[in-house]
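Hi,

Here is the structure I promised to pass on. Have a look at it first, and then read my notes below with the picture open.

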Amino acid sequence: MITIYHNPRCSKSREGLQLLELEGKPFTTVKYLNEPLTKEELTEIINKLNIKPIDLVRQKEDIWIKNYKDKDLSDGKVIDIMVEHPNLIERPIVVNGNKAVIARPAERIKEIL
């Protein structure tokens with residue numbers, strides 16, 4: 001099953017959603033700002049993305065700059081911060097089975113279909 005972790009206010013996220021709709025494959029939409037991810041769920045997504053947690057952080061967001069920038073944070077602490085502040089999670093994320101991509105640009109979704 002394909003899942004898109006989506007923020008409707010984000011143009012890149014809307015583009016990803018539109019691409020999935022055009023592909024015609026069934027998928028689930030998780031509005032992660034309304035349905036916050038648990039630490040376990042976010043860790044699983046990061047593992048499927050095959051990246052370090054810091055690579056999923058929107059590091060230009062004010063909350064990151066003011067509170068966390070230039071701090072020496074463990075991977076677990078970075079995940080905790082994203083769970084506490086889901087707006088820091090890069091978007092959209094699309095998961096298909098054991099594969100996942102940060103769909104920026106949206107065409108990256110095709111890599112895992």
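Let's start with a definition: a residue is called buried if under 20% of its relative accessible area is left, exposed if over 50%, and partly exposed in between, using a 1.4 Å probe and protein chains only. What you have is a predicted model, in which local features need pLDDT of at least 70 and side-chain atom pairs count only at pLDDT 80 or more, while totals for chains, interfaces and linings use all residues. Residues are numbered from 1 along each chain as its sequence is written, and side-chain values use heavy atoms, with hydrogens and water left out.

You'll find T38 in the loop between β2 and α2. (Helices are DSSP runs of H or I with at least four residues, strands are runs of E with at least two, and both are numbered from the N terminus.) T38 and I79 are 41 residues apart along the chain, and their C-alpha atoms are separated by 9.5 Å.

Now the sheet. It is an open one of 4 strands, in the order β2-β1-β3-β4, with mixed pairing. Two strands pair if DSSP finds at least two bridges between them. Which strands stand at the edges? They are β2 (27–30) and β4, and each has a single partner strand, so one side of each is left without a neighbour in the sheet. On average, neighbouring strands here are turned by 15° against each other, direction ignored.

β1 and β2 run parallel and are joined by 4 bridges; Y5 has V30 in β2 as its bridge partner. β3 and β4 pair in the antiparallel sense, over 4 bridges, and there I93 stands opposite I102 in β4. The hairpin of β3 and β4 has 2 residues between the strands, and G97 in this hairpin takes a positive phi near 65°.

Next, the helices on the sheet. Helix α1 (residues 11–23) lies across β1, β2 and β3, and runs at about 160° to β1. α2 lies across β1, β3 and β4, running at about 90° to β4. For these angles, axes are lines fitted to C-alpha atoms (for helices over the stretch in contact), and the angles run from 0 to 180 degrees between N-to-C directions.

Which residues of helix α2 (residues 39–49) are buried? They are L42, I45, I46 and L49. These cover an arc of only 100° around the axis, which puts them on the same side of α2; the arc is that of the directions from the helix axis to the C-beta atoms. There is a general rule to remember here: an α-helix has 3.6 residues a turn, so residues three or four places apart point the same way. The face of α2 turned away from its buried side carries the exposed residues E40 and N47. Covering the buried residues of α2 are, among others, β1 (2–5), α4 (75–84), β3 (93–96) and β4 (99–102). After α2 comes N50, whose phi is positive, near 60°.

How do α2 and α4 meet? Their axes come within 10 Å and cross at roughly 120°. The contact (heavy atoms within 4.5 Å) is made by K39, L42, T43 and I46 of α2 and G76, I79, D80, M82 and V83 of α4.

- N7 is in the loop between β1 and α1. At 5% relative accessibility, N7 counts as buried. Not counting residues up to four places away in sequence, N7 touches S13, Y32, L33 and R91.
- P8 is in the loop between β1 and α1, but at 38% relative accessibility P8 counts as partly exposed. Leaving aside neighbours within four places in sequence, P8 is in contact with R14 and K31. P8 and K31 are 23 residues apart in sequence and 7.6 Å apart in space, C-alpha to C-alpha.
- H85 lies in the loop between α4 and β3. At 16% relative accessibility, H85 counts as buried. Beyond residues up to four places away in sequence, H85 touches I63 and Y68.

Cheers
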